[in-house]
Amino acid sequence: MQDEAKFKNTLLLLERVMEDTQVDFNKIAQKWQKKWEKEKIFHAEADSSRKKYYVAIVYPYMSGLLHLGHLFTYTFSEVVLRYKRMKGFNVLAKYGYHCTGTPIVAAAQRVKEKEPMQIENLKKMGINGREIRKFANPEYWCEYFPKETLKDAKNMGFAIDERYAFKTTYLNPSYDAFIRWQFNKLKDKGYVKKGRHPVMWCPKDNLPVGDHDRSEGEGETPKDFIWAKFRVKGSDLIIMAGTTRPDALLGQTHLWIDPNGSYAVAKVGDEKWVVSEEAVKKIGQQYGKTEIIRKIQPGELIGKWAKGPLVDYELYIVPAGFIDASVGAGIVYSALEDPVDLIEIQHMQARPEIVKKYNLDAEVIKKLKPISVINVQGMGENLGQEMLDKYNVKSPDDKEKLEEAKGELNRVVFRKGIMKKNCGKYEGLSVPEAQIAIKNDLGSEKDAVMFYEPTGKVVCRCLTECIVKVVDDQWFIEYNDPGWKKAAHECLDSMRIYPEIVRKQFHYVIDWLDHWACTREYGLGTKLPWDEKWFIESLSDSTIQMAYGTISKYLLHPEGYGFKIDKLNDEFFDYVFLGKGNIAAVEKSTGIPKKIIETMRRDFEYWYPFDFRNSAKDLVQNHLAFSIFNHVALFPKNHWPRAFVINGRIMVNNEKMSKSKGNFFTMRELYTKHGPDIVRLVAAYAGEGVDDANYDMEFLETAKRKLRELYEFIKSNYGKGRTEINSVDKWFESKVNTAIKNTTEALESMLFKSAVQYSLMDMTRHLKAYLKRTSNKPNKRLVNLFSESLLKMLTPVVPHFCEETWEAIEGEGFISQQQWPEYEEEKIDKEAEAAEQLVHDTLSDFETVLKLAKIEKPKEVTLVVAPAWKYELFRILKEELEKTRDQRALINTCLAEKDIRPHGQEVAKIVQMVLKDLGKLPQMIIAKEKEREAYAAAKETIEKDYGANVKIEEAEKSTEQKAKQAMPGKPAIIVK
């Protein structure tokens, strides 16, 4: 009786927050973190007798405390490494602190200049006024924030082995030597060269600006334009007009110029270029010193003629308000295939006042029309007009429609366009082929120059807007090398990519990557070994650091292993990472004992390659692709990366996280207030895949309630309950095994939100239903199975809570070291699950009937079971619907059965009903007797909850008119 009383309280515990609960999430976190550290349960040692799993955690940049974005990304790694440990793997989790680049230097300079915003940011991180002065030194950032980062990682319960945790830059001499080795190898293979190429450039810092050096515009790159030369008739002036579509020059019709724009004549070499005033500075950055001869008014050019490349006729110069003088050269040639150009000229042709205002030749304007040079299968001669008609564009003011029309036409032409007969030697080429050929011809004939614009706005960390500059005294990694690209594609094909949809983007990036500026003249980092005025930039010195992570514990703590690192050289890394060279020679040149060198070689061979690395989708286009390139350049195939997991950005309450919106949170703020397990759980449940995830701040409180309820249930009920088995027990056991199976499969597929859903959400929901159906008298073995299985499945997500609860039920050792639960396929009983779902649906239908009949306290309830022939009918329908949806054919097939044939009129109605709504057909059609047993379970619940007399009848024997409505999976319900 005492046990029964406890069970009766369970539902109440599951429906309200226990204010006096024993679960203090911060207190238990501190307790278990100390125990883990004392027992060193996350220390990783190479062990050839065990299968390994290497999680190469992305290291954070040391410009501040870890924030919510870091938390979301690190949750992926943390869940996986804990899960893999429980699956029996020997797991190494590499962690580090990224200090390379210019952002820290820029931030230190802002401290030095006492910039208020920077000072305030440091204060918000808990740094006091006196200590703030120290942050004027960039190196102090690299001392302070790694310590604070490790503190936060430990306080979050991250299962890392801190002995391997390292920082980058020359502040870590062994890492510095490693990066020097990497770049020497790349140079030896011809992958690092000095050249002339366009880069994103900060005019204030006078340096190229990589993705990690930007406060805005990550991923934006220089985009190449062709600036074609249009020689003004009767003049030595050359109008420069930019385009990304050199193929359209074959259909050029006229030139557009901004009538209100500011233009200049600039001397470039021996030529006089007419460009916008804003373009003159860009020319200087890309073509060297230039000189403005004079300003020129648009009116001096409007109505004049100019001769362009590739054609034998002259072009009329026409005004257009849609021209943006700040883009490109500020002057555009027109090919009336373009819907934007076409609607503009049609607008002008329909308004004589415009022609008169600019003193244009009306006859010339009237005759301007498209010249068709590209054939697109399925489209006619006038491509631009077809797009205007498709998008119903009536005016140049329909800006959005025009952009869509232009975009679609460009895509269609690029994919399907073939150059026509009137294109001369370019006839028959595809548009991409023609673009390359024309670009080459224009360059060789000196009828055009290459010019570059950024693909989007880029802002340096020093808050200066960046430009494109062509540099020649700069070192580049040659990601454009065709053979290297081929090997990178091969590596990618051998990898697992989660989600798979991102693989196509990786292939695109590998094809698209070109020369990459890999050095800068100041900042933090490693100096280029053969040209020490340069520092290697931050995205180039982090591509193979996972290899260093396998031996970092030795190189970071050499005194513990009896050697020094002051003589590390390329010979050492060649031997350890590539197995090249003579170990005796390495010992002699480095002073490191053979035994230690062999140990490091053994550890590297054991741990490498890395098995898992996740990062945000923004890094596909740089860091992750670079990692593939550098691995195939330096390592044999057996050491190429095995898996990348790509996640989206994190939103907060469905809004972009930003300090200005007040929804920017450090990890420390969150775990201090809510406890690390709660913060981790909400992060794991925030989202999966590459879509932006949502960190729901309200779910923090829901998560606390759910875990407290779970703790109270397990603590109060573990090891208690009845021993006999009933039908609902089979259902619950099936659901527990299904949850284990689904959770395991979700984690193997890197679907972390789904894993939380299948474990915590689904299992606690099924527990509530189970307790209700058993009148709070659950089976003891199943209570234990539920408790142990769910705790183990939640351990990767909320480890402190699970340790505490495991201890409360006297579980053996640390739950973090327990084996992952295994599901029993034979215990997954779909028929039992279908039967229980039937009970749930019947009880729900009963509630509906009561409301419709306005009956509060029923006296008698009759559940009418469908006749046997309907079960056969539904079975046949389920099979035949896989083959056809033809109503007559379905009816004829069903009536072929002798037991169904006498019910022809009713069969026709049922088939018609099912075809109209396939939901009328149960997902699983269970045997009539099994269904009757389920109704018996519903009978018991109705009688207990409502005090009504419940009868179960066969439809064939019932005298009730409503009995004819009984269907398999849906009994007729009669209430009196």
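Modeller: A cavity is a set of grid points where a 1.4 Å probe fits but cannot get out. In this predicted model, five cavities of 30 Å³ or more are present.

Biologist: What makes up the lining of the largest cavity?

Modeller: The largest cavity holds about 100 Å³ of space. Its lining has 14 residues, and Glu337, Ile371, Ser372, Val373 and Glu381 are the closest to its centre. By class, the lining residues of the largest cavity are eight nonpolar, four polar and two charged.

Biologist: Which residues line the second largest cavity, and which element gives the largest share?

Modeller: The volume of the second largest cavity is about 60 Å³. Among the residues that line it are Val79, Ala684, Phe752, Met793 and Pro796. Two or more lining residues come from each of α28 (727–748), α29 (752–773) and α30 (780–794). The largest share, four residues, belongs to α29.

Biologist: How many residues in the lining of the second largest cavity are charged?

Modeller: The lining of the second largest cavity has no charged residues; 10 are nonpolar and two are polar.

Biologist: Why are helices α21 and α23 called oblique to each other?

Modeller: The axes of α21 (residues 570–578) and α23 (residues 594–607) come within 8 Å and cross at roughly 45°. Angles under 35 degrees count as roughly parallel, and 65 to 115 as roughly perpendicular. The two helices, α21 and α23, are therefore oblique to each other.

Biologist: Which residues make the contact between α21 and α23?

Modeller: Helix α21 contributes Phe572, Tyr575, Val576, Phe577 and Leu578, while α23 contributes Ile597, Glu598, Met600, Arg601 and Phe604. Eight residues of this contact are nonpolar, none is polar and two are charged.

Notes. Residues numbered from 1 in each chain as written. Predicted model: local features only at pLDDT ≥ 70, side-chain atom pairs only at ≥ 80, totals over all residues. Heavy atoms only, no water. 1 Å grid on protein atoms, 1.4 Å probe; cavity = no way out; pocket = protein on both sides within 12 Å on 5 of 7 lines; lining within 4 Å. Points joined across faces, edges and corners; volume = space filled by probe spheres on them. Nonpolar A, V, L, I, M, F, W, Y, C, P; charged D, E, K, R; others polar. Axes fitted to C-alpha atoms, helices over the stretch in contact; angles between N-to-C directions. Parallel < 35°, antiparallel > 145°, perpendicular 65-115°, else oblique. Contact = heavy atoms within 4.5 Å.
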